[in-house]
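Good morning, and thank you for coming. I would like to take you through one structure this morning, and I ask you to keep it in view as I speak.

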Amino acid sequence: MATIKSAAIKKTKRPELDEGGMGYLQSLPRRVVTVYLPLLVFVIVLLFPFYWMTITAVKPNLEMTDYANFNPFWVVHPTFEHIRYLLFDTSYPGWLLNTIIISTAATFLSLLAAVFAAYAIERLRFSGARQVGLAVFLAYLVPPSILFIPLSVMVFNLGLYDTPFALILTYPTFLVPFCTWLLMGYFRSIPFELEECALIDGASRWQILTKIVLPLSVPGLISAGIFAFTLSWNEFIYALTFIQSSENKTVPVGVLTELVRSDVYEWGALMAGALIGSLPVVVLYSFFVEHYVSSMTGAVKE
Amino acid sequence: MAVPTVAVQPRPSILSRSLSTLAESRNALGFGFMLPAAALLLVFLTYPLGLGVWLGFTDTRIGRPGIFIGTENYQYLWDDAVFWLSVFNTLLYTISASILKFALGLWLALILNQNLPFKSFFRAIVLLPWVVPTVLSAIAFWWIYDSQFSILSWALMEMGLIDHRINFLGDPENARASVIAANVWRGIPFVAITLLAGLQTIPQSLYEAATLDGASRWQLFRYVTLPLLTPIIAITMTFSVLFTFTDFQLIYVLTRGGPVNATHLMATLSFQRGISGGQLGEGAAIAVAMIPFLLAAILFSYFGLQRRKWQQGGGD
């Protein structure tokens with residue numbers, strides 16, 4: 001198995017192209033103007049909101065509004081008051097827990113459905129598999145913003161309103177098509193010969209799936225899983241529509257609807273909430289950044 | 001058979017053999033494997049889509065089932081200036097944000113495609129705005145755009161470029177520009193990283209050959225990079241346009257459609273009328289009105305994809 005595995009992985013990996021190419025023909029000053037300077041501007045603009053979020057989250061209220069005496073870009077007396085307030089005086093930990101439970105359950109459910117669907121479409125090639133594959137792709141293009149009103153009616157009639165199940169069952173509407181599409185691309189990269197060998201050796205389709213295809217597609221499964229988790233973590237419109245009570249809310253909805261009170265904006269707590277709510281996906285992302293990038297580009301390239 | 005990699009099964013009995021024939025039949029097995037995904041999607045995607053169209057023809061409100069009223073919702077919307085304003089806003093928002101995202105994303109992709117030190121580090125950093133939840137980064141923008149304590153206003157005033165604070169979200173024109181800027185900020189990474197992946201599949205030898213033929217830098221870009229990148233541009237921009245057109249979160253956080261409906265998109269108007277206002281029928285009608293635009297975008301991209309076949313030298 002080990003040799004098969006490494007052979008398959010070698011085959012799926014794109015050969016390294018000679019990047020760099022004719023870069024040596026450029027002089028250094030030219031490179032500074034055409035490459036490094038614009039890159040610096042891009043990085044600063046793209047990262048500034050995160051810096052601003054972080055610095056505000058640890059800034060005392062006094063410094064936050066007094067631009068005359070304190071440079072707003074820096075913090076003189078950092079404080080954990082906002083974070084303490086957020087974690088102990090609001091329902092924030094509960095929202096975090098809800099988000100984790102809902103995202104994990106929705107990811108698991110979608111991945112399970114998507115593995116079977118993708119294998120059936122890509123490898124069993126039943127009659128109409130191509131059309132089903134196209135339908136799955138089209139399903140991914142149906143946006144939540146045209147589904148949330150009918151779904152809210154359904155959720156209410158099914159008695160799921162204001163329960164985590166309302167979200168666990170509706171998130172797969174965008175997760176299943178996405179994961180299926182991503183895994184289809186991955187399964188396509190596994191050589192047919194491996195399955196044929198196993199068939200000749202008397203393996204059933206189930207054995208082929210669980211003992212050959214799935215072990216070889218672990219990287220693809222990880223990509224799909226991370227992606228599905230991130231998408232459910234970031235979901236907003238369903239969570240805003242289907243959840244009513246404060247203790248059932250998810251992080252994005254909770255931060256926006258519960259921390260903003262009348263006219264007094266608790267900017268420090270809001271920024272701390274946004275920062276802590278972003279951390280799990282950022283940490284997950286930084287661990288699997290290669291999977292993330294390759295699955296994102298892979299899914300688009302298909 | 002000499003080297004079995006999977007345990008060989010004992011010879012099956014007649015009954016289990018017929019069962020296993022069924023299990024090996026592509027269609028029966030395919031149906032079984034498709035079942036979980038198909039059930040989820042039919043119940044929670046296809047059915048609601050139909051239900052949404054039906055709701056658009058009824059006067060359903062929250063807590064009260066409606067009756068069929070024909071096209072009354074659409075007739076009402078046809079004469080509703082706010083609805084048309086939201087259509088205009090959505091088109092303006094989608095078109096300007098997409099053009100900016102494409103131009104800046106392509107530029108960033110071209111920069112990242114150079115032989116840079118810490119290349120993968122930059123690639124990872126650049127994708128961050130796309131990874132964090134939109135609502136949470138939108139809250140950061142809300143604070144950046146604050147009417148009193150906006151850091152942008154302060155910085156520009158310190159530099160002496162402006163003499164009074166900019167009212168980012170209070171003035172209709174400024175509000176439109178501000179939400180578009182926030183959307184572009186979030187969208188650039190997606191465009192850049194996907195286009196970067198496309199750029200990396202273009203062989204360097206083509207550039208070398210073109211350079212030997214005396215091509216200028218612009219000609220290299222125009223006649224080598226762009227044609228080879230067209231298929232992936234078509235797909236990336238379709239996704240980008242679809243998601244921008246149906247955007248909801250950013251507007252909901254930053255302006256909720258204000259000031260005086262200047263930033264209302266069709267999605268936010270649909271939410272406001274359907275959920276906040278309780279007029280589910282009317283909200284559904286607004287959502288259904290988005291479908292023709294989405295179909296147009298998908299068809300446009302479909303023909304973009306068709307070009308891909310002759311570019312790769314294959315027939316249909």
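The contact takes in 105 residues of chain B and 110 residues of chain A. Please bear in mind throughout that this is a predicted model. Together, chain B and chain A bury about 9,800 Å², and 78% of that area lies on carbon and sulfur atoms.

On the side of chain B that touches chain A, helix H2, which runs over residues 26-55, gives the most, with 19 residues.

Leu40(B) is placed in helix H2 of chain B. Is Leu40(B) buried or exposed? Leu40(B) counts as buried, because its relative accessibility is 13% and the cut-off for buried is under 20%. If we set aside its neighbours within four places in sequence, the contacts of Leu40(B) are Leu109(A), Ala113(A), Leu169(A), Pro172(A), Val176(A) and Leu45(B).

I now turn to chain B as a whole. How many helices and strands does chain B have? The count is 14 helices and zero strands. Of the 316 residues in chain B, 51% are buried. If we take the contacts in chain B between residues at least 6 apart in sequence, 66% of them join residues at least 24 apart. The accessible surface of chain B comes to about 15,300 Å², with 67% belonging to carbon and sulfur atoms.

On that surface there is a nonpolar patch, formed by Leu91(B), Ile95(B), Ile99(B) and Phe293(B), with about 340 Å² of accessible area together. Helix H4 of chain B, residues 81-112, contributes the largest share of the patch, namely three residues. Phe293(B), by contrast, is found in helix H14, residues 280-311. Phe293(B) is partly exposed, at a relative accessible area of 31%.

My last topic is salt bridges. Over all chains, the rule gives a count of 11. I shall show three of them, in chain A.

In one of them, Lys249(A) and Glu258(A) meet through their side chains, at 2.8 Å from N to O. Lys249(A) is buried, with a relative accessible area of 7%, whereas Glu258(A) is partly exposed at 24%.

Salt bridges that share partners also join Glu81(A), Arg84(A) and Asp89(A) into one network. Arg84(A) is partly exposed at 36% relative accessibility, and Glu81(A) is partly exposed at 40%.

Finally, the side chains of Arg125(A) and Glu122(A) form a salt bridge at 3.9 Å, N to O. Which of the two is buried, and which is partly exposed? Glu122(A) is buried, with a relative accessible area of 7%, while Arg125(A) is partly exposed at 45%.

Thank you for your attention.

Notes: Residues are numbered from 1 along each chain as its sequence is written. Chains are lettered from A and ligands numbered from 1 in the order in which they are written. This is a predicted model: local features need pLDDT of at least 70, side-chain atom pairs count only at pLDDT 80 or more; totals for chains, interfaces and linings use all residues. Side-chain values use heavy atoms; hydrogens and water are left out. Helices (H or I, at least four residues) and strands (E, at least two) are DSSP runs, numbered from the N terminus. Buried means under 20% relative accessible area, exposed over 50%, partly exposed in between (1.4 Å probe, protein chains only). Contact means heavy atoms within 4.5 Å. Accessible areas come from the Shrake-Rupley method with a 1.4 Å probe; for residues, only the protein chains shown count as cover. Patches are made of residues with over 30% relative accessible area and no salt bridge: like charges are joined within 9 Å, nonpolar side chains (Val, Leu, Ile, Met, Phe, Trp, Tyr) within 5 Å. A salt bridge is a side-chain nitrogen of Lys or Arg within 4 Å of a carboxyl oxygen of Asp or Glu. Buried area is the accessible area (1.4 Å probe) that two parts lose on being put together, summed over both.
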